[in-house]
Amino acid sequence: QEANLVAGAVCLRYPSKFARGAMNHPDPALRHEAIELTKEAAEVAKFLGCDEVVVWSAYDGYDYPFQVNYHDKWNQLVDAFRECCDAHPDTKFSLEFKPTDENTRFFTVPSTGAALLLVKEIDRPNMGLTLDVGHMLMAGENPGQSIAMVGKKLFGIQLNDGYTRLAAEDGMMFGSVHPSMAIETIYQLQKIGYSGHIYFDTFPQRTDPVKEAEYNIQRVKDIWNTLQDLNQEGIVAQAEEQHDAILALNIVNHVLRRI
């Protein structure tokens, strides 16, 4: 209260007892426990005065071929999220996908396309996605395109950057490695009319965490404001309509000179 801060969402993590799966655990009793824990997170969100639960499971997936039944694992997620959404219709449930991790080599939901398909099958108005720039880069995606695909089902965005080495999530400061993609990420957020929370999932292991947070915030503000000026001039639309690569690169150069 002294800092005038409020909770934006509850970001759920499942304990290590779910190492063989949370909503995907082979034991029905533990699957049920994971679902109940997710519902409990919705109650905590209400207590904190927010209306969103961000779900990232470190464990829902597999490591080897033939280890799981892919259709069963998919359907378990669909049924689990439907149960959570129906139990708390006033709370948004937002899945954060990740392609791979040291805990799970292949996730049941490994890409933006798969995540969108899951949301479509769940078919609940309070089910959506949180996209993490680092996760999208790990999946070989262009974050701007992924944001455009998700559109109004984008409930949250986590900004960061990375070197995209195989299976590596670097948590670098936003726009530090892929500045052109960072700029288009902000542009696509503006284009879909995004009004949710902006999170920074960066890892200040060798920097001052406060200064890193300040840098990320200022970086986004500078890009956001510069792009708004360009949008008014219609330059981005011109590049898109004409598939003009040189103009597209000059847009990036223009923004970088201004920030």
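How many bridges join strand 4 (residues 92–96) to strand 6 (residues 127–132)? The count is 4, and the two strands run parallel. This is a predicted model: local features need pLDDT of at least 70, side-chain atom pairs count only at pLDDT 80 or more, and totals for chains, interfaces and linings use all residues. Residues are numbered from 1 along each chain as its sequence is written, and side-chain values use heavy atoms, without hydrogens and water.

**Sheet**
- An open sheet is formed by 6 strands in the order 1-2-4-6-7-8, with parallel pairing.
- Strands are DSSP runs (E, at least two residues), and two of them pair if DSSP finds at least two bridges between them.
- Strand 1 (10–12) and strand 8 (197–200) are the edge strands, each pairing on one side only.
- Glu96 stands opposite Thr130 in strand 6.

**Aromatic rings**
- There are 4 aromatic pairs (Phe, Tyr and Trp rings, the six-membered one for Trp, with centres within 6.5 Å; planes under 30 degrees apart are stacked, over 60 edge-to-face, the rest tilted).
- Tyr14 and Phe18 are edge-to-face, because their ring centres lie 6.0 Å apart and their planes stand at 75 degrees.
- Tyr62 and Tyr70 make a tilted pair, with centres 5.3 Å apart and planes at 50 degrees.
- Tyr62, Tyr70 and Phe106 form one aromatic cluster.

**Accessibility**
- Buried means under 20% relative accessible area, exposed over 50%, and partly exposed in between (1.4 Å probe, protein chains only).
- Tyr14 is buried at 7%, and Phe18 is buried at 1%.
- Tyr62 is buried at 17%, whereas Tyr70 is partly exposed at 46%.
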